[in-house]
Amino acid sequence: MPVHSPNSRNREREPKGGGGGGRPLGLLQRAATPEPPSPRHRVVQQLEAAGLRPDSASGTYPCPQPEEDCMKLNPSLLGIALRSLLAVDLWLSKRLGVCATEDSAWGSARPIMKLIEVTGHAIPWIGGTLYCLCKSDSTAGHEVLLNLLLALILDLVLVGIVKSLVRRRRPSHNKMDMFATFSVDRYSFPSGHATRAALGGRFFLNHLVLAIPLRVLVVLWVCVVGLSRVMLGRHNVTDVVCGFMMGYLQYSLVEYTWLSSSNLQTFLRLCGLK
């Protein structure tokens, strides 16, 4: 029967693997496990993972912006198209503003363009319509002139509302020497002269018996009024184009709500004109 010495029994009770220096196995495992990071350390790690670095002066991290406040790096196709259209509109309007000032390329033609501007102004139109309405002695003439007057008033109201809502400034090369301006006339969109020209042109072509040369002259006048607004630097090209479209639609509305002769007589009695 073998005899074990006390030293051999002590070696058998020591943990296997050595190198522990006599320390228990549980203490070795706890020493090898890393301590969990503190809450402040976790916040720093999250900020650095998001690409944020502390400020060199204050040592603080910038506050991350909400996702909706961040700039979109992939704009929509519609936004790109609108910005491109706006850039082309501004460039073309500036190139066509050849009568904006006396020193412009066609500055000598500026008085003629300003005379055309007066022909499309609301005051001559409304004043002339009221004068013809008072001088006319036929029912048919009263009917046409009264509806024209209401159409001009409707045009003033709608153009003023749209200008107040859009608030697009006039071109930078415009010289503010316009005839009889109002508060909303500092805005550019849409062109009131263009809406009035389109409205009046359709009205004349549909309710006046005109010879072919006069009908051609009316169409030319409408086009010249719109072109003069850009040449004088009063409006951008899109202001005039949208003004023509708006005036065209306004005439359709006037035709839909046309006042008949019976309603006209009642209206004249209420106004004391008859």
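**View 1. Pro-190 is found in the loop between H7 and H8.** Welcome to this predicted model, in which local features need pLDDT of at least 70, side-chain atom pairs count only at pLDDT 80 or more, and totals for chains, interfaces and linings use all residues. Residues are numbered from 1 along each chain as its sequence is written, and side-chain values use heavy atoms, with hydrogens and water left out. Here a cis peptide bond links Phe-189 to Pro-190, with omega at about -5 degrees. The helices are DSSP runs (H or I, at least four residues) numbered from the N terminus, and strands would be runs of E of at least two.

**View 2. Arg-167 sits in the loop between H7 and H8.** Arg-167 is not a glycine, yet its phi is positive, at about 55 degrees. Is Arg-167 buried or exposed? With a relative accessibility of 54%, Arg-167 counts as exposed. (Buried means under 20% relative accessible area, exposed over 50%, and partly exposed in between, with a 1.4 Å probe and protein chains only.)

**View 3. His-173 belongs to the loop between helix H7 (139-166) and helix H8 (192-207).** His-173 has a relative accessible area of 19% and is therefore buried. Which residues does His-173 touch, leaving aside its neighbours within four places in sequence? The contacts of His-173 are Ser-93, Lys-94, Gly-97, Ala-100 and Gly-233, where contact means heavy atoms within 4.5 Å.

**View 4. H8 and H9 pack with their axes 9 Å apart, at an angle of about 175 degrees.** H8 is therefore roughly antiparallel to H9. From H8, the contact uses His-193, Ala-197, Ala-198, Gly-201 and Leu-205, while H9 brings residues including Arg-215, Val-218, Val-219 and Trp-221. Axes are lines fitted to C-alpha atoms, for helices over the stretch in contact, and angles run from 0 to 180 degrees between N-to-C directions. Angles under 35 degrees count as roughly parallel, over 145 as roughly antiparallel, 65 to 115 as roughly perpendicular and the rest as oblique.

**View 5. The axes of H5 and H9 come within 9 Å and cross at roughly 120 degrees.** H5 and H9 are therefore oblique to each other. On the H5 side, Met-113, Ile-116, Glu-117 and Thr-119 make the contact, and H9 answers with Trp-221, Val-224, Val-225, Ser-228, Arg-229 and Met-231.

**View 6. The largest nonpolar core has 10 residues.** Its members are Val-98, Cys-99, Ala-109, Met-113, Ile-116, Ala-197, Val-222, Val-225, Met-231 and Leu-232. Helix H5 (110-119) and helix H9 (212-231) each supply at least two residues of this core, and H9 gives the largest share, three residues. A nonpolar core is a set of buried Ala, Val, Leu, Ile, Met, Phe, Trp, Tyr and Cys residues joined through side-chain atoms within 4.5 Å.

**View 7. Val-222 is in contact with Ala-197, Ala-198, Gly-201 and Phe-244, leaving aside its neighbours within four places in sequence.**

**View 8. Stepping back, the protein chain has 11 helices and zero strands.** Buried residues make up 31% of its 274 residues. Among contacts in the protein chain with a separation of 6 or more, 69% join residues 24 or more positions apart.
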